[in-house]
Amino acid sequence: TDYYVRLKATHACGISDWSETYMFSTVAPKPVLSGPDDDSECLQLVEQFYWEESVDADGYEFEFSTTADFGDDIIHSRTFSSTTYTMQSNVLDYATEYFWRAKALYPDDCETDWSDVWSFTTIQKHVTLSEPTNGQSGVELNPTLTWTIDTLPVPENYYLQLASDNG
């Protein structure tokens with residue numbers, strides 16, 4: 001919002017003339033991110049992000065990047081009216097660190113500064129069974145099962161399901 005101000009003083013000798021008129025503009029405070037928490041780990045590929053409402057905002061712009069400076073690597077940018085955004089499953093990759101931020105949008109192309117930048121890391125990909133291979137026949141009655149996982153953190157436990165049918 002633009003404001004105009006001028007001053008005059010009163011004193012023992014009377015009243016001064018008005019000062020020159022000065023103009024200044026205010027800007028609304030940048031949005032405050034609420035969740036998921038900064039530096040979160042093991043987030044799902046479909047995740048909800050939210051921040052505090054900015055008074056009288058018409059909408060928000062929301063960005064994701066794999067770099068904290070949001071240089072040329074903005075992978076997702078979206079403008080909408082809500083303070084909540086649910087990321088679609090085809091945008092994020094497994095075991096990747098992301099950075100996100102938001103800013104409020106106002107009439108007449110006014111906008112706030114970007115919020116503070118927060119980060120999160122997505123969950124690791126599923127474990128891949130290496131042996132026996134899919135569809136392999138002639139496997140011994142007590143086979144040794146081996147699997148790989150390419151990403152960190154290293155799992156604390158594994159759970160195995162074995163069945164005689166695919167149901």
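Is Asp-116 buried, exposed or partly exposed? Asp-116 is partly exposed, at a relative accessible area of 46%; buried here means under 20% relative accessible area, exposed over 50%, and partly exposed in between, with a 1.4 Å probe and protein chains only.

Before going on, the ground rules. This is a predicted model, in which local features need pLDDT of at least 70 and side-chain atom pairs count only at pLDDT 80 or more, while totals for chains, interfaces and linings use all residues. Residues are numbered from 1 along each chain as its sequence is written, and side-chain values use heavy atoms, with hydrogens and water left out.

On confidence: pLDDT is the predictor's confidence in each residue, from 0 to 100. The chain has a mean of 87, and 96% of its residues reach 70 or more. Strand E9, residues 74-80, has the lowest confidence at a mean of 78, and E5 the highest at 94. Strands (E, at least two residues) are DSSP runs, numbered from the N terminus.

Back to Asp-116. Its side chain meets that of Lys-30 in a salt bridge, 2.9 Å from N to O. A salt bridge is a side-chain nitrogen of Lys or Arg within 4 Å of a carboxyl oxygen of Asp or Glu. Asp-116 sits in the loop between strands E12 and E13, Lys-30 in the loop between E4 and E5, and the two are 86 residues apart. Lys-30 is also partly exposed, at 37%.

The count is 4 salt bridges. Another one joins Glu-61 and Lys-103, at 3.9 Å from N to O. Glu-61 lies in strand E8 and Lys-103 in strand E11, so this pair ties together parts that are 42 residues apart in sequence. Glu-61 is buried at 17%, and Lys-103 is buried at 8%. Lys-103 forms a further salt bridge with Glu-111, with the closest N and O atoms 2.7 Å apart. Through shared partners, Glu-61, Lys-103 and Glu-111 form one network. Glu-111 is partly exposed, at 39%.

Next, the sheet. Three strands make an open sheet in the order E5-E7-E10, with antiparallel pairing; two strands pair if DSSP finds at least two bridges between them. E5 (33-35) and E10 (84-86) stand at the edges with a single partner strand each, so one side of each has no neighbour in the sheet. E7, residues 48-51, pairs with E10 over 3 bridges. Gln-48 has Thr-86 in E10 as its bridge partner.

Last, disulfides, meaning pairs of cysteine sulfur atoms within 2.5 Å: the count is 0. Cys-13 is exposed at 76%, and Cys-110 is partly exposed at 42%.

Notes: Helix = DSSP H or I, 4+ residues; strand = E, 2+ residues; numbered from the N terminus.
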